[in-house]
Amino acid sequence: MSIRAKDATNTLLKVTRYAKTGLQNTRKNSSKAGEQSTTPGRRYAHQNIAVSEASLPATSVTTWISHLAADTTRADLSDTVVHRSQRMMLDTLGVGILGFKTDITQTVMRCSLNTGAMDGVGPSASTIWGSKGQKASPAMAAFLNGINVHSMDFDDTWYPATHPSGPVLPAILALAETMTGSYQPTTEDLLVAYNVGIEVQGLLLRCSEIAKEIPCRFHPPAVVGVMGSAAASARLLGLGPHKSRHALAIAASFAGAPMANAGTTTKPLHAGKAARFGLEAALLADHGLEGNHDILDIASGYGAFYDDYDPEEFLFAHSNNEDFILHNQDIAIKRFPAHLGMHWAIDATMGARDQICHTARRIVPEEVSEVHIMAPKSKYINRPLPSTEHEARHSFQFNVCTALLDGQVTPDSFTHSYRRRAPLNQLLSKTRVSCPEDNIPTFNDMYVEVHVTMKDGSHVKSRCDTPYGHWRNPLTEEDLEGKFLANTKDMSYQSQIQLINTTKNMSERKPMTEFLEALRD
């Protein structure tokens, strides 16, 4: 059980007093994946809900997910889950540190920190990534770092579609920095809490067939992300099933953000608010606030986000899973700072460009008659003439023309000066998109073909079914670390290596001290 503050007004002020004894009591040191705890009357093994003589197996989604949040241990994580989650954490740190430089983060910081308008929650104890040691309250640090992670759309993407790490890692790292003394979490504690947050998102995305499509209504990080953040924060704080249940209920009231804001500077705020409000939901639940006891089992609860939500079928289909979702469903780690769909477009374009450049050193827009992109139907990533950086990150046309012209797509590609180049806009004016019926709009099934017709009558085409970095074609360790090193080039090499080595060995149950020091560089 966690330590309770005497005064409810201090709910979010003294995070350092929150005990992790529940976490310590349930966690076993076994390294064997799937080994069960020997705690009397309770069994901790994935989503196989604990059974004792006085209780029955979970008969509701809320009960099942609450026990998952409260009871998961390292023994529940397969070696595959550990390996994949450590890669995700390293990548998330890198894109979050890089994201600090973006105009979005700097604008939010000016509005929230300098004025104090939003920074009234607790002491400045948690690091703002990439800021060379600037700190904020845990909630505000989680908010800003969540924004950092998604600010360039450079963060990981899962299936069904969401960005799972941005809402979770900023929340639990903000908490971890404030939990001192005997309550300070180890690297293993962080690994377990992180995987709880990822698993809850993965499960909740499987509650609906609608969720499998490229989103068109709600932005998933703002729906499942806040639930994952709450579950991960509850796990790190050592909350039991009862308080975890109410953390999820409170978090549900913070959920939701419209897809209309995709391609705008508001979209990264979705990850930030999910991180922040999930963290706060766990803290509020720890201090006695309660929500609906069956939040994940009713149409007016979590079911409000999915018209085809069926909790009974969901429970039947997944509550006895032998492994965490991440064991069987890997993650996509991006090579380019753009919407994941653009990775198909860019890889297909590079194939077409290579064919053209066999006979020419570069692409001359005047010599191009037409660029034809065959892509899945999706309004928010079909943007013929993007006018902003964030529209460009969500434009098939812009990314294809940039890759065709430059032979690469980098963070600089989306800046104002690059977007306004005459040769690029000349190519854009010759580009069209069509959406074949067989091109299914999911990240598991889609493809992109790029056809380039030259004025001399020659024609090349290239198709991408699986881009490099996709879960079917994951980045090598060398390329993953190369991305991290490039994104964190302003840090000292010693700090970079410290973060790499720590994330590679999260399961070793080491103190967080050196890792957190490196993060402040």
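**View 1. Aspartate 153 sits in the loop between H5 and H6.** This is a predicted model: local features need pLDDT of at least 70, side-chain atom pairs count only at pLDDT 80 or more, and totals for chains, interfaces and linings use all residues. Residues are numbered from 1 along each chain as its sequence is written, and side-chain values use heavy atoms, with hydrogens and water left out. Helices (H or I, at least four residues) and strands (E, at least two) are DSSP runs, numbered from the N terminus. Phi of aspartate 153 is near 55 degrees, a positive value in a residue other than glycine. Is aspartate 153 buried or exposed? Its relative accessibility is 2%, so aspartate 153 counts as buried. Buried means under 20% relative accessible area, exposed over 50%, and partly exposed in between (1.4 Å probe, protein chains only).

**View 2. A cis peptide bond leads from tyrosine 159 to proline 160.** Its omega is near -10 degrees. Proline 160 lies in the loop between helix H5 (138-150) and helix H6 (169-178). Aspartate 153 is found in the loop between H5 and H6 too.

**View 3. Lysine 132 has a positive phi.** The value is near 60 degrees, and the residue is not glycine. Lysine 132 belongs to the loop between strand E1 (126-127) and strand E2 (135-136). With 49% relative accessibility, lysine 132 counts as partly exposed.

**View 4. Phenylalanine 143 lies in helix H5.** Its relative accessible area is 7%, so phenylalanine 143 is buried. How far apart in space are phenylalanine 143 and valine 108? The C-alpha to C-alpha distance is 9.6 Å, while the two residues are 35 apart in sequence.

**View 5. Helix H7 covers residues 187-204.** It has 18 residues. From first C-alpha to last, H7 reaches 26 Å, close to the 26 Å expected at 1.5 Å a residue. The expected span is 1.5 Å times one less than the number of residues. Why is H7 described as largely enclosed by the rest of the structure? Because 18 of the 18 residues of H7 are buried.

**View 6. Four strands form an open sheet in the order E4-E3-E5-E6.** The pairing is mixed. Two strands pair if DSSP finds at least two bridges between them. Strand E4 (431-434) and strand E6 (459-464) are the edges, each pairing on one side only. Neighbouring strands are turned by 15 degrees against each other on average, direction ignored. Axes are lines fitted to C-alpha atoms, for helices over the stretch in contact, and angles run from 0 to 180 degrees between N-to-C directions. Strand E3 (residues 368-374) pairs with E4 in the parallel sense over 4 bridges. E3 and E5 run antiparallel, joined by 6 bridges. Methionine 374 has serine 434 as its bridge partner in E4, and glutamate 449 as its bridge partner in E5.

View 7. Contact means heavy atoms within 4.5 Å.

**View 8. E5 and E6 pair in the antiparallel sense over 6 bridges.** Valine 450 stands opposite serine 462 in E6. The hairpin of E5 and E6 has 4 residues between the strands, and glycine 457 takes a positive phi near 95 degrees there. E5 is mostly covered, with 6 of its 7 residues buried.

**View 9. The largest nonpolar core has 106 residues.** A nonpolar core is a set of buried Ala, Val, Leu, Ile, Met, Phe, Trp, Tyr and Cys residues joined through side-chain atoms within 4.5 Å. Which members touch the most others? They are Ile65, Ile172, Leu173, Met227, Leu296, Tyr302 and Tyr306. Not counting residues up to four places away in sequence, tyrosine 302 touches Leu204, Cys207, Val223, Val224, Met227, Ile295, Leu296 and Tyr309. A second, separate core of 45 residues includes Met259, Phe396, Val400 and Cys464.

**View 10. Cysteine 464 is buried, whereas cysteine 357 counts as partly exposed.** The relative accessible area of cysteine 464 is 6%. Cysteine 357 has 22% relative accessibility. The disulfide count is 0, where a disulfide is a pair of cysteine sulfur atoms within 2.5 Å.
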